[in-house]
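User: I would like to learn how to read folds from a model. Can we work through one, feature by feature?

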Amino acid sequence: MTEALAEVRDVTKHFPLTQPLLAAVQRKSKDVIHAVERVSVAIGPGETVGLIGESGSGKTTLGWLFARLHEPTSGIVRLGGRDISHLEGSALRDIRRRVQIVFQDPVGSLDPRLRVWQIVGEPLQALERLGRSEVRDRVAALLPTVGLPAGSLDQYPHEFSGGGRQRLSLARALSVQPKLVILDEPTSALDVAVQAQILNRLVALQRELGLSYLLITHNVAAVRYVADRVAVMYLGKIAELGGVRDVLERPLHPYTKALLAAVPAPEPGRRRTRYRVTGEIPSLVHPPPGCPFAARCPFVIDRCRTEEPLLRIPEGMERRWVACHRAEELVDVRPADLLAAEPVSGSDSAAEAE
Amino acid sequence: MLPPQPQPRRGPRGDVVAEPLLEVKGLSVDYEVGAGTFHALSDVSLELPAGHVVGIVGETGCGKSTLAHAIPRLLREPPARIRSGEVRFRGMDLLTLPKWKLPLVRGTGISMVFQEPINSLNPAFRVFDQLAEAVRIRKMRESGQAPGLVPGSEGFDYSKREGPKPADALTRPLLPSRPEARKGFSRVLHRVDFREDALDYLRLVRINDPETILDLYPHELSGGMRQRIMIAMALSEKPSLLIADEPTSALDITIQAQVLTLMKELIEEIRTSILFISHDLGVIAEMADDVGVMYAGHLVEFGPVDDVYEHPRHPYTKALLRSAPNQYKDDGPLPSLPGSVPNLSRLPSGCSFHPRCPLAKPVCSDDPGPVLEVQKGTAAGHEAACYFSEEVAGLP
């Protein structure tokens, strides 16, 4: 593989919890949230890596680590071969030009009191110190590339629809011509029809500008469409990593299988089935010993509860990584097998009677 | 006073057909705000037979939630204004019912599950208080100690029940005033009498360790747990109709699958009817028997869910189904719908979809627009509001 554009190596991020006064006086060790635990991922030039997982799995934290919006507790964050893990001040500002981020919430991430040219041009003012007229010119040239009219320079964000706001966010990220864009749930606040417009635009921009993306989402379908490789996260760790088609068509980790089985597909005939994975995501403050998915896994064995599976290349496969003791045995278990084979009894809908 | 009993319904051959549980006829709702009048619902009609699950699907701002709130009359008026229409629930027109009687219908008659469980649970009360209160109200209504509508015949056994029959529940005064009227009222029941029932309902929604959970406050629970408690509360009322407004949209995907599986099991266990509102085509496919597709406040297509998904007869339904990335198979761009949803205060003339429609012809912009019509060559009950519905199958 060629030199990675951006890379995290064994990176860990803990967030300390506030401690009760008594515990602080007694100098007890602080409880921490284990948001990201020893994760390694690399993103090549022009590549899109999808990051899927549920809320609390550490996807957003990992994205922020790539953008160095968080400083890692341990481990290394590299950008273009350079260690940026603990940069500060102007050195950190320099790398901002090369990594930009599109935030999840298109309402909360746009200042309602600023006009479009101010919002989209803010990185230009902050990082390139351009003057007002230059910023306006650059923004006017930029807006059409994300599918917005150049004449909307003086509008306010509330005049745009959800999709329009997400385009503004994207334009702002692209304004300083970054190499890597972190897309944090870029479409989850949008309706399906608008989602498709944004995803298409992202793919077109990547081709034109040679961008790399880290696409953080819980939308498996969006990953399938946009990403080259995909990492599945569960409880701060990577459960599975590999080519997007490999992982989504032949998932190895039971959690990936469960996630794919849980996606409600608009296909008739899949209805009225029981989903076999139960239970909730365990606490990030006291992560369980052994495999984090053990409590919910339908294929759990004793070993899973005591010995933590490490991310490894499964036997007989290439370019795939999985953190499961039983990955090889479970190769042939399809996501659909996690749905009970028999439909729920007693269903007598008109649709089925036909 | 109950409204006059409706005439028996006649089927196509003149035979008497069972009254649907819920019937919405020509419902139009406006929001009057400073910026103008927004037509949130325009002439929406649909029927929900007892024991059925009807899904409503559409994009943000298409009027789904307005419909969900208009049926039990939970809209704040003003700014909302019900312009016209009828909502017949078990033979009563809810829109003409005096306001003070509405609480008697809600709960045991129509119950709701909202999108954000954290906004619907009271943060100042424990799970126990909120759940036991729902059980208490139902028990008091069932035993006739409190007025309120309880299900009459949908699979519940009321033969052993003492007190007034459900039919006259609405005509009784809220509180018995004269001593002789109080005779049947042994004592006012309290929430603490229903701890066991509350535990049962927590077990029903598959909550582990219900004794502990019962004494927690909503903020101490996870999102999936809160939503299951909302569902437990709604079900503990044993409603004839459950309106679920995006009940799983705030949940994670594996938790969503758990909650949907649970709801499906419960539908069969207690035979409640559900109006299921979602923007997710996949969720509707899993849950609903019939589906209604809404666009800009109009119901543009309605029918059995499999038939609508396989043979859409409205160009909007077709476009919506195609743009779901789940359907994406080949290389090339995702099919997307050009343009955006019209402003509800300035709806286009005729069919509201015509500015974005690939099949649009001059006739489509003429008022009044197309209305729902039965579609030939499709499953029974499949209707679409499009002049060129025959041509939809030919669209890419």
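This is a predicted model: local features need pLDDT of at least 70, side-chain atom pairs count only at pLDDT 80 or more; totals for chains, interfaces and linings use all residues.

User: Which residues of H2(A) are buried?

Analyst: First the general idea. An α-helix has 3.6 residues a turn, so residues three or four places apart point the same way. Now the case. The buried set of H2(A) is Lys59(A), Thr60(A), Thr61(A), Leu62(A), Gly63(A), Leu65(A) and Phe66(A). Here a residue counts as buried when 20 or more other C-beta atoms lie within 10 Å of its own.

User: Zoom out. How many helices and strands does chain A have?

Analyst: Chain A has 12 helices and 11 strands. Its radius of gyration is 22 Å, close to the 20 Å that the globule rule gives for 354 residues, so chain A is as compact as a globular protein of that length. The C-alpha trace of chain A spans about 65 × 65 × 45 Å along its principal axes.

User: What share of chain A is buried?

Analyst: Of its 354 residues, 45% count as buried. Among contacts in chain A with a separation of 6 or more, 66% come from residues 24 or more positions apart.

User: Now sheets. In what order do the four strands of the open sheet in chain B run?

Analyst: The general idea: strands of a sheet pair through backbone hydrogen bonds, either parallel or antiparallel. In chain B, the order is S4-S3-S6-S7, and the pairing is antiparallel. Strand S4 (36-48) and strand S7 (92-93) of chain B stand at the edges, each with a single partner strand, so one side of each has no neighbour in the sheet. Strand S3 (residues 22-33) of chain B pairs with S4(B) over nine bridges, in the antiparallel sense. Val24(B) stands opposite Leu46(B) in S4(B).

User: Which strands are the edges of the eight-strand sheet in chain B?

Analyst: That open sheet has the order S8-S9-S10-S5-S11-S12-S14-S13, with mixed pairing. The edge strands are S8 (110-113) and S13 (373-374) of chain B, each pairing on one side only. Helix H7 (residues 223-236) of chain B packs on this sheet, touching S8 and strand S9 (241-245) of chain B. The direction of H7(B) makes about 180° with that of S8(B).

User: How many bridges join S11 to S12 in chain B?

Analyst: Six bridges join strand S11 (residues 290-295) to strand S12 (residues 298-304) of chain B, and the two run antiparallel. Gly292(B) stands opposite Phe302(B) in S12(B).

Notes
Residues are numbered from 1 along each chain as its sequence is written. Chains are lettered from A and ligands numbered from 1 in the order in which they are written. Two strands pair if DSSP finds at least two bridges between them. A residue is buried if 20 or more other C-beta atoms lie within 10 Å of its own, exposed if 12 or fewer, and partly exposed in between; C-beta atoms are placed from the backbone. The radius of gyration is taken over C-alpha atoms; the globule rule is 2.2 Å times the number of residues to the power 0.38. Two residues are in contact if their C-beta atoms, placed from the backbone, lie within 7 Å. Axes are lines fitted to C-alpha atoms, for helices over the stretch in contact, and angles run from 0 to 180 degrees between N-to-C directions.
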